[in-house]
Amino acid sequence: MNALPQAQPGKLFQLVFALIMGFLMVGIVTFVTTASNFGFGANFLATWGKTYLIGYLAAVPAIYLLAPIARRITTQLLN
């Protein structure tokens, strides 16, 4: 099994990580919040899709920029 690299990941890694993390987290969060606010009505998928797209476009750059900071803070807290 491959272990995650211990050194700071490269820019390509950070971009792919942000894209995947954004896909997963935005999907979960927007699904739950859309369902809790609007229920599973006839237009649920359209509402969720719109919310998902907006959230994804906001989250990916935020993850890309903030993940290195979160890694540094985590390292400092655990060392």
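I take helices (H or I, at least four residues) and strands (E, at least two) as DSSP runs, numbered from the N terminus.

**Basis**

I worked on a predicted model, where local features need pLDDT of at least 70, side-chain atom pairs count only at pLDDT 80 or more, and totals for chains, interfaces and linings use all residues. I number residues from 1 along each chain as its sequence is written, and my side-chain values use heavy atoms, with hydrogens and water left out.

**Overall fold**

I looked up the secondary structure of the protein chain and found two helices and zero strands. For burial I used relative accessible area with a 1.4 Å probe on protein chains only: under 20% is buried, over 50% exposed, and in between partly exposed. Of the 79 residues in the protein chain, 22% are buried. I counted a contact where heavy atoms lie within 4.5 Å. Among contacts in the protein chain with a separation of 6 or more, 67% join residues 24 or more positions apart.

**Helix H1**

The 28 residues of H1 should span 40 Å, and the end C-alpha atoms are 38 Å apart, which agrees. I listed the buried residues of H1 as Gln14, Ala18, Gly22, Val26, Gly27, Thr30, Thr34 and Ala35; these pack against H2. Just after H1, I noted that glycine 39 has a positive phi of about 75 degrees.

**Threonine 34**

Is threonine 34 buried or exposed? I found it buried, because its relative accessibility is 3%. Threonine 34 sits in helix H1, residues 11-38. A polar atom of its side chain lies 2.6 Å from the backbone oxygen of threonine 30. Beyond neighbours within four places in sequence, I found threonine 34 in contact with Gly39, Phe44, Thr47, Trp48 and Thr51.

**Nonpolar core**

I defined a nonpolar core as a set of buried Ala, Val, Leu, Ile, Met, Phe, Trp, Tyr and Cys residues joined through side-chain atoms within 4.5 Å. The largest holds seven residues: Ala18, Val26, Tyr52, Tyr56, Ala59, Val60 and Ile63. H1 and helix H2 (44-78) each supply at least two residues of this core, and H2 gives the largest share, five residues.

**Aromatic pairs**

I paired rings of Phe, Tyr and Trp (its six-membered ring) with centres within 6.5 Å, calling planes under 30 degrees apart stacked, over 60 edge-to-face and the rest tilted. The count came to nine aromatic pairs. Phenylalanine 13 and phenylalanine 17 are stacked, at 6.2 Å centre to centre and 15 degrees between the planes. Both lie in helix H1, four residues apart, about one turn of the helix. I recorded phenylalanine 13 as partly exposed at 36% and phenylalanine 17 as partly exposed at 29%.

Why is the pair of phenylalanine 23 and tyrosine 52 edge-to-face? Their ring centres are 6.3 Å apart and the planes stand at 85 degrees, so the pair is edge-to-face. Phenylalanine 23 lies in helix H1 and tyrosine 52 in helix H2, so the pair ties together parts 29 residues apart in sequence. Phenylalanine 23 is exposed at 52%, whereas tyrosine 52 is buried at 19%. I also found ring pairs linking Phe23, Phe31, Phe40, Phe44, Trp48, Tyr52 and Tyr56 into a cluster.

**Charge over a ring**

Arginine 71 lies over the face of phenylalanine 17, at 5.3 Å from the ring centre.

Definitions and conventions:
A polar contact is a pair of N or O atoms within 3.5 Å; within protein, one must be able to donate a hydrogen and the other to accept it, and residues adjacent in sequence count only if both atoms are side-chain atoms. A charge sits over a ring if NZ of Lys or CZ of Arg is within 6 Å of the ring centre and within 35 degrees of the ring normal. The expected span of a helix is 1.5 Å times one less than its number of residues.
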